[in-house]
Amino acid sequence: MMSTQLCRSIRTQKASKGTVFPSQITNEHESLVMVKKLFATSISCITYLRGLFPESSYGERHLDDLSLKILREDKKCPGSLHIIKWIQGCFHALEKKYLHMAVLIIYTNPKEPENVTEIYQFKFKYTKEGATMDFDSSNTSFESGTSSEDIKKASVLLIRKLYILMQNLGPLPNDVILTMKLHYYKEVTPHDYQPPGFKEGVDSHFLLFAGDPINLQVGLVSTGFHSMKVKVTTEASRVADLENNLFLENSTTEIAHQGLDCDEEEEESNNQMQRMNFVCSQQSSESSRKKRKVSEPVKSFIPNRK
């Protein structure tokens, strides 16, 4: 299966009338639909290009000139049902405006889930301040009003960059385990809330890598009602051939060991101060007010990649 994940690629074709995202975004409901589809498309891209499920677990959709693979319920592949349940649980939390961040985690040792191979972070905000699209990792900034066309362009760029990144990551180990951690806005989320398919999880930011970790910024899309930021963290040695200026966060490979962008304060402030805050949080375990509600799947998933 290692060869499968390397040979799978994004396909292009003439523009198709069928599209992944809604044609316009004029209200909060249309925005929610957009963010759900962008999230589900991103998860599908990751699982497809990392070779986690067979071809039969995906349907085909079109996004401009891109032919995308989207996860679907495949009864012959129980794993795809697991991931779709996780996505639906995230949808439930998004609808209630509880979800702060969904983190897809890949690790290899069931006894040491904190020692990870890759983490994919999807951070959500709920706002009505107007739409902005910011792609700092490519040293460019794209901002606009609430134009649906501009939002679509930003979303297409995010998906393109995600595909480029997936195709340039080194192969996964043969035996991997998937899980997902959900972090919430604690001020509004009921203490006993759990989305479908999830249970109470461990509130820990400590995720460790065998090698030097590196942050790779994929992008941020905002509709004026919702925003979703995507970041990938992996070992630097596994992306040695990637054009770093396209993805690197401030052209640095230094990140906190835990690698999670969990602060409620926006990360666009001072990155150095953010790293200091992470270190302080490691040293100050007594700071209970920093603890947040976390969910994890009822059961982690082990792909059959043989």
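Predicted model: local features only at pLDDT ≥ 70, side-chain atom pairs only at ≥ 80, totals over all residues.
Let's start inside. The largest nonpolar core has 64 residues. Those with the most contacts within it are Phe39, Ile83, Tyr120, Phe122, Phe124, Leu178 and Met180. Which helix gives the most to this core? Helix α2, residues 28-49, with 11 residues. Apart from this core lies another, of 9 residues, and Tyr107, Ile119, Ile177 and Leu207 are among them. As background, nonpolar side chains tend to be buried together in soluble globular proteins.

Now take Met180. Leaving out residues up to four places away in sequence, Met180 touches residues including Phe39, Ile43, Trp86, Cys90 and Phe198. Met180 also touches Ser295, Glu296 and Pro297.

That brings us to strand β12, residues 294-297. Strand β8, residues 177-184, runs antiparallel to β12, and 2 bridges join them. Here His183 stands opposite Val294. Strand β9, residues 198-200, also pairs with β12 in the antiparallel sense, over 3 bridges. There Glu200 faces Ser295.

Next, helix α3, residues 78-95. This helix has 18 residues and reaches 26 Å from its first C-alpha to its last, close to the 26 Å expected. Its buried residues include Ile83, Trp86, Cys90 and Phe91. Just after α3, Lys97 takes a positive phi of about 65°.

On to the charges. The count comes to 6 salt bridges. I'll go through some of them.

Lys36 pairs with Glu95, with the closest N and O atoms 2.5 Å apart. Buried or exposed? Lys36 counts as buried because its relative accessibility is 16%, under the 20% cut-off. Glu95 is partly exposed, at 44%.

Then Arg50 and Glu118, which meet at 2.6 Å, N to O. Arg50 sits in the loop between α2 and β2, Glu118 in strand β5, and they are 68 residues apart. Arg50 is buried, at 0% relative accessibility. Glu118 is buried too, also at 0%.

Back to β12. Glu296 forms a salt bridge with Lys181, the closest N and O atoms being 2.8 Å apart. Glu296 belongs to β12 and Lys181 to β8, so the pair ties together parts that are 115 residues apart in sequence. Glu296 is buried, at 18%. Lys181 is buried as well, at 17%.

Last one: salt bridges link Glu55, Glu60 and Lys69 in a network.

How values were computed: Residues numbered from 1 in each chain as written. Heavy atoms only, no water. Pairing = 2+ DSSP bridges. Helix = DSSP H or I, 4+ residues; strand = E, 2+ residues; numbered from the N terminus. Core = buried A, V, L, I, M, F, W, Y, C linked by side-chain atoms within 4.5 Å. Buried < 20%, exposed > 50% of the residue type's maximum accessible area, 1.4 Å probe, protein only. Contact = heavy atoms within 4.5 Å. Expected span 1.5 Å × (residues − 1). Salt bridge = Lys/Arg side-chain N within 4 Å of Asp/Glu carboxyl O.
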